Amino acid sequence: MLDDNLKKFVAENRRGVLTTVRRDGSAQMSIITCGPLQDGVAFTTTEDRAKLKNLRRNPQCSLMVARENWSAYIVLQGSARLLSADNTDADELRMALRDVFRTAAATEHPDWDEYDRAMVEQQRSAIIVVPEHIYGGNVS
């Protein structure tokens with residue numbers, strides 16, 4: 001669970017590096033745009049991405065969110081909650097994808113119907129990294 005100070009930090013620093021585990025056990029890293037959501041940090045991805053395939057096989061992951069100048073960062077170690085067309089009601093997924101957009105972009109979309117169509121077309125999933133351990137420095 002993120003406290004208010006960490007939620008604020010993530011909301012102000014939305015670039016992250018996600019580390020997942022490949023089938024062979026090696027690390028796979030992805031640059032993402034994210035934001036605080038529910039009890040973790042969220043982002044979206046498409047069905048064809050290695051990060052989603054890795055998380056489906058093993059939801060354990062780490063996510064580092066840092067200031068642009070690297071003067072402060074947090075690392076969330078935990079597991080990913082996957083919300084995708086194969087495990088989530090269509091309306092729930094639509095709302096989750098909208099919520100991720102709002103927090104990761106820090107704005108409202110000008111045309112939610114267009115956004116919803118694009119999310120279906122791109123086969124996007126919403127991912128929430130729920131931390132079990134958090135560390136980092138100088139985030140206040």
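**Helix packing and the open sheet**

Helix 3 and helix 4 cross in the right-handed sense, where right-handed means that the near helix is turned clockwise from the far one by less than a right angle, and left-handed that it is turned anticlockwise. Helices here are DSSP runs of H or I with at least four residues, strands are runs of E with at least two, and both are numbered from the N terminus. The model is a predicted one, in which local features need pLDDT of at least 70 and side-chain atom pairs count only at pLDDT 80 or more, while totals for chains, interfaces and linings use all residues. Residues are numbered from 1 along each chain as its sequence is written, and side-chain values use heavy atoms, with hydrogens and water left out.

The axes of helix 3 and helix 4 come within 11 Å and cross at roughly 110°; axes are lines fitted to C-alpha atoms, for helices over the stretch in contact, with angles from 0 to 180 degrees between N-to-C directions. The two helices, helix 3 and helix 4, are therefore roughly perpendicular, a label covering 65 to 115 degrees (under 35 is roughly parallel, over 145 roughly antiparallel, the rest oblique). On the helix 3 side, the contact is made by Arg 94, Leu 97, Arg 98, Phe 101 and Arg 102, and on the helix 4 side by Trp 112, Asp 113, Tyr 115, Asp 116 and Met 119, contact meaning heavy atoms within 4.5 Å.

Aromatic rings also feature here. Three aromatic pairs are found in the whole structure; rings of Phe, Tyr and Trp (its six-membered ring) pair if their centres lie within 6.5 Å, with planes under 30 degrees apart stacked, over 60 edge-to-face and the rest tilted. Phe 101 and Trp 112 form an edge-to-face pair, at 5.6 Å centre to centre and 85° between the planes. Since Phe 101 lies in helix 3 and Trp 112 in helix 4 (residues 112–121), this pair ties together parts 11 residues apart in sequence. Ring pairs link Phe 101, Trp 112 and Tyr 115 into a cluster. Phe 101 is partly exposed at 21% relative accessibility, whereas Trp 112 is buried at 16% (buried is under 20%, exposed over 50%, partly exposed in between; 1.4 Å probe, protein chains only).

Turning to the sheet, seven strands form an open, antiparallel arrangement in the order 2-1-5-6-7-4-3, where pairing requires at least two DSSP bridges between two strands. Strand 2 (27–33) and strand 3 (35–37) are the edge strands, each pairing on one side only.
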